[in-house]
Amino acid sequence: MEQYLKYVSPMRPVPQHRGHPPRNRRSKSCTGCCSKCQLFVSYLLVIVGILFLALAIWLYIFRGDLIPLIQSHFYINCICLAVGCGIFNVIIGFLVHSAVSNRCALVFYLLLLIVSMILEGCLIYFTFSYHATYIQELDVSLPNDILNNYNTDPTIAKAVNFLQKDAKCCGSNAFNDWPKPEVEDHYLPYAKTIVQRVQYVPDSCCKSTHQRKGCALSDSPNNIFYRGCLPFLKEEVYNNLNFLFTVTAASLFLHFANLIFGCCACFRTDDDEDENPFKDYDQEMHLFD
């Protein structure tokens, strides 16, 4: 045993490389914490982006028949901007892994963040601006569509019928917003004007589930809805604007946080680079010298 130990050389201390602290004394850097926070916020942005897209699809496809009744372009612009914000958020979420490991990719990532923040700022401006004027606009546009555009514009007619079926209402403020046709009966002396017994309320005002053609010939309260559609349309627009504003404000807050974390990671030094599993390989190989 003594002869064997005589030929065994004592283990040399592990040399320390410049710029690389000992492995067992390595402390977590500030940039490493920022990168982890950036990853977490980016995952949240993906969820918000999917929520943006889902909300835009709901407003344009499932509730899109109501858009012709809203005369302002702010509403449709909000939906288009919601699609753009959702796409940017999803792209930003998928690019975060490249941005954390590559400084050039991080700069591109921060530029996308700024562009997305500009789009969301425009969306907040549109929702806030239209929120202040939509009540006065609907008070004028919906009665005008019912009185003047329903019989001449098929798009308006389809939108009004969808609104009355969905909201279970009739007319703008009440069912009697629909004009009754009047004719002159020339068979009577002195051409007396009488009210003609014809249907003047659309079939979409009927209370029956299966609305057959001509079901609204009788305007009795048991047959058609008497309440108007204007309050329902106002509440619909109000809720949609609130949803868009809330989601956009939350996304903009996440963008600000992500931008701060990204800037902290962008100005890191060479000593603060993310941990590489091969950095300690050379140091550990000295154990076998």
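The N-terminal end of α3 is capped by S72, which places a side-chain oxygen 3.2 Å from the backbone nitrogen of F74; a polar contact here is a pair of N or O atoms within 3.5 Å, where within protein one must be able to donate a hydrogen and the other to accept it, and residues adjacent in sequence count only if both atoms are side-chain atoms. This is a predicted model, in which local features need pLDDT of at least 70 and side-chain atom pairs count only at pLDDT 80 or more, while totals for chains, interfaces and linings use all residues. Residues are numbered from 1 along each chain as its sequence is written, and side-chain values use heavy atoms, with hydrogens and water left out.

Helix α3 itself covers residues 73–101, helices being DSSP runs of H or I with at least four residues, numbered from the N terminus. Its 29 residues reach 43 Å from the first C-alpha to the last, close to the expected 42 Å, the expected span being 1.5 Å times one less than the number of residues. Along α3 there is a kink of about 45° centred on L95, where the bend is the angle between axes fitted to the seven residues ending at a residue and the seven starting there.

Side chains of opposite charge can pair when their charged atoms come close. The structure holds three salt bridges, each defined as a side-chain nitrogen of Lys or Arg within 4 Å of a carboxyl oxygen of Asp or Glu. In one of them R63 pairs with D166, with the closest N and O atoms 2.9 Å apart. Because R63 lies in the loop between α2 (30–62) and α3 whereas D166 belongs to helix α6 (residues 154–167), this pair ties together parts that are 103 residues apart in sequence. R63 is buried, at a relative accessible area of 9%, whereas D166 is partly exposed at 35%; buried means under 20%, exposed over 50% and partly exposed in between, with a 1.4 Å probe and protein chains only.

R63 also meets E236 in a salt bridge, again 2.9 Å from N to O. Since E236 sits in helix α7 (residues 230–266) and R63 in the loop between α2 and α3, the pair ties together parts 173 residues apart in sequence. E236 counts as buried, at 13% relative accessibility.

The side chains of D139 and K234 form a salt bridge as well, at 2.7 Å from N to O, linking helix α5 (residues 134–149) to helix α7 across 95 residues. Shared partners join R63, D166 and E236 into one network of salt bridges.

Definitions and conventions. Helix = DSSP H or I, 4+ residues; strand = E, 2+ residues; numbered from the N terminus.
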